[in-house]
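Please read these points with the structure open beside you.

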Amino acid sequence: MSDFYGEETVEITDARGLTPRDYYDILRGIWCAETCAPRMRAQWSPENPTKGQCSITAFLMQDIFGGKVYGIPLGDGNYHCFNVVGECVFDLTGGQFGTKKLNYDDCCEQSRQVHFAREEKRLRYEMLKSKLEKQLL
């Protein structure tokens, strides 16, 4: 059983030689209520650390690995974000949905500018990025 979607097939590394699996392991110790989307904070817990972390995590992984960020429509006007780098599709935060199957096909590309137009989201992204940078020192 994998911890995140695409774990078994993602075969990319960054300049440090780290993989999405390595980043998932690091981020598990960094994700927190403060980096969670405000509308989901009541449901965030250390047992479900990926809750409300999708867009900021996906854009952070885009900074590291390149590629594009796509979104799965959730039916409430929101999107669940994930990464596509070449042929590799991975979603470090899909575990927040438990056993619910997500459809990663035919999703629309997500814009950093649109997501980060919301200051609270940009600030959460910057917090997550800063925490990750400290871990990598």
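1. H1 and H4 are roughly perpendicular to each other, a label given because angles of 65 to 115 degrees count that way, under 35 as roughly parallel, over 145 as roughly antiparallel and the rest as oblique. Their axes cross at roughly 105 degrees and come within 10 Å. An axis here is a line fitted to C-alpha atoms, for helices over the stretch in contact, and angles run from 0 to 180 degrees between N-to-C directions. Helices (H or I, at least four residues) and strands (E, at least two) are DSSP runs numbered from the N terminus.

2. The model is a predicted one, in which local features need pLDDT of at least 70 and side-chain atom pairs count only at pLDDT 80 or more, while totals for chains, interfaces and linings use all residues. Residues are numbered from 1 along each chain as its sequence is written, and side-chain values use heavy atoms, with hydrogens and water left out.

3. Which residues join H1 to H4? Tyr23, Ile26 and Leu27 in H1 meet Leu128, Leu132, Gln135 and Leu136 in H4, where contact means heavy atoms within 4.5 Å. By class, this contact of H1 with H4 has six nonpolar residues, one polar and no charged. In this scheme Ala, Val, Leu, Ile, Met, Phe, Trp, Tyr, Cys and Pro are nonpolar, Asp, Glu, Lys and Arg are charged, and the others, Gly among them, are polar.

4. Helix H1 (residues 20-28) also packs on helix H2 (residues 54-65): their axes come within 12 Å and cross at roughly 135 degrees. That angle makes H1 oblique to H2. On the H1 side the residues are Pro20, Tyr23 and Leu27, and they meet Thr57, Met61, Ile64 and Phe65 in H2. The contact of H1 with H2 holds six nonpolar residues, one polar and no charged.

5. H2 and H4 have axes 9 Å apart and pack at an angle of about 55 degrees. This makes H2 oblique to H4. H2 passes H4 in a right-handed crossing. Residues of H2 including Ser55, Phe59 and Asp63 take part, and those of H4 include Lys121, Arg124 and Tyr125. In the contact of H2 with H4 there are seven nonpolar, two polar and four charged residues.

6. The largest nonpolar core has 26 residues, and Ile12, Leu27, Met61, Phe65, Phe90, Leu92 and Leu128 have the most contacts inside it. Such a core is a set of buried Ala, Val, Leu, Ile, Met, Phe, Trp, Tyr and Cys residues joined through side-chain atoms within 4.5 Å. Buried means under 20% relative accessible area, exposed over 50% and partly exposed in between (1.4 Å probe, protein chains only). H1, H2, strand S2 (79-85), strand S3 (88-90) and helix H4 (119-136) each give two or more residues to this core. H2 supplies its largest share, seven residues.

7. Met61 shows how the parts of the chain come together. Neighbours within four places in sequence aside, Met61 is in contact with Tyr23, Leu27, Gly66, Asn83, Phe90 and Leu92. Another core of six residues lies apart from the largest one, and among its members are Phe82, Val84, Leu102 and Cys107.

8. Two buried residues deserve a look. Thr93 lies in the loop between S3 and S4 and is buried, with a relative accessible area of 1%. Its contacts beyond four places in sequence include Trp31, Gln53, His80 and Cys81. Cys81 lies in strand S2 and is also buried, with a relative accessible area of 1%. Among the contacts of Cys81 beyond four places in sequence are Cys54, Tyr70, Asp91, Thr93 and His115.

9. Is Asp106 buried or exposed? Asp106 is exposed, with a relative accessible area of 83%. Asp106 sits in the loop between S3 and strand S4 (108-109). Its phi is near 55 degrees, a positive value in a residue other than glycine.

10. Arg28 belongs to helix H1 and counts as partly exposed, at 40% relative accessibility. Arg28 and Glu47 are 19 residues apart along the chain, and their C-alpha atoms are separated by 9.9 Å.

Terms used: A crossing is left-handed if the near helix is turned anticlockwise from the far one by less than a right angle, and right-handed if clockwise.
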